[in-house]
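Dear colleague,

I am passing on the structure that we spoke about, together with a short account of what was found in it. Please look through it before reading on.

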Amino acid sequence: MAGQEVKHDYHLVNPSPWPFLMSVAVMFLTVGAVFSMKPDSTLFGVQGASFANWMFFGGFIMVLYTMYTWWKDVVNEAESGDHTPVVQLHHRYGMILFIASEVMFFVAWFWAFFNFALYPHVEATTSLNNGDANYLWQIAGQEAPYFWDVFTNEAVWPPKGIETFDPWHLPFLNTVILLLSGTTVTWAHHALIEDDRKSLKQGLWLTVGLGALFTCVQAYEYGHAAFEFSGNVYSASFYMATGFHGFHVLVGTIFLIVCLARVYKGHFKPEHHFGFEAAAWYWHFVDVVWLFLFFAIYIWGA
């Protein structure tokens, strides 16, 4: 009917259960994770460890299921023509803001690393003033704080006893892998714009393979690291910064796998392919963050 004709470019989302289900799933996931970290606590009168583990894994499965179904609905909306140019523009704004928030997330880890690296004496003095003086450690039969050299009586960085990675070995290999993957995803994007489906598939397959290779190399690197996660602030800041980046590479790889599956389903058109653009933007963001990690933590930090 003429009175029901849509006269605007905005897509009004149909009622959906997924936001509510996601909030419930995240609640179960969070509560389960917190109580799993405190095995001696109780939850609803039950020993926290066993019950919390069930909550954690149940919430995790719920999160994965809700993500899949929710994004499936979004893909169906895109393929049915609901994503008008105005809606696509707002999607771009949203993705830009999301990547900006991810940038600030990594800024926090860089800030922590440089805070300890540039001012180790501040951390040492703070610790000593709080009662962790060298003689207290020696009386207890332990080593002096990791950031304090008892012979020169000054702070050191990297902390003593830390054998850092050779930046021109596995880290450099991973740098080459990520930079190469940035070129292959750009090749795939240009192939999509030219409506070259064969080259699009080849570029995406290469990018997914390179992303998986990066993850394998990083896992091998961690497995042969000369220092543990805990024990000193260098290893903690190192693993948190590079580990979260590795997690982002894994997420980006899954993102590209989904795009590859959609390509085989015939999705994406030269003039309408924001889902692929979002994946490419995210992948380039991951590339840039790794370059900063490589130069700041692996080269300068060593």
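What share of the 302 residues of the protein chain counts as buried? The share is 37%, where buried means under 20% relative accessible area with a 1.4 Å probe, protein chains only. Please bear in mind that this is a predicted model, in which local features need pLDDT of at least 70 and side-chain atom pairs count only at pLDDT 80 or more, while totals for chains, interfaces and linings use all residues. Residues are numbered from 1 along each chain as its sequence is written, and side-chain values use heavy atoms, with hydrogens and water left out.

The protein chain holds 9 helices and 4 strands, taken as DSSP runs (H or I, at least four residues, for helices; E, at least two, for strands) and numbered from the N terminus. Helix α3, residues 85–118, reaches 48 Å from its first C-alpha to its last, close to the 50 Å expected at 1.5 Å a residue, the expected span being 1.5 Å times one less than the number of residues. Among the buried residues of α3 are Q88, E102 and F106.

Leaving aside residues up to four places away in sequence, L204 touches A188, L256, C259, L260, V263 and F276, a contact being heavy atoms within 4.5 Å.

Definitions and conventions
Buried means under 20% relative accessible area, exposed over 50%, partly exposed in between (1.4 Å probe, protein chains only).
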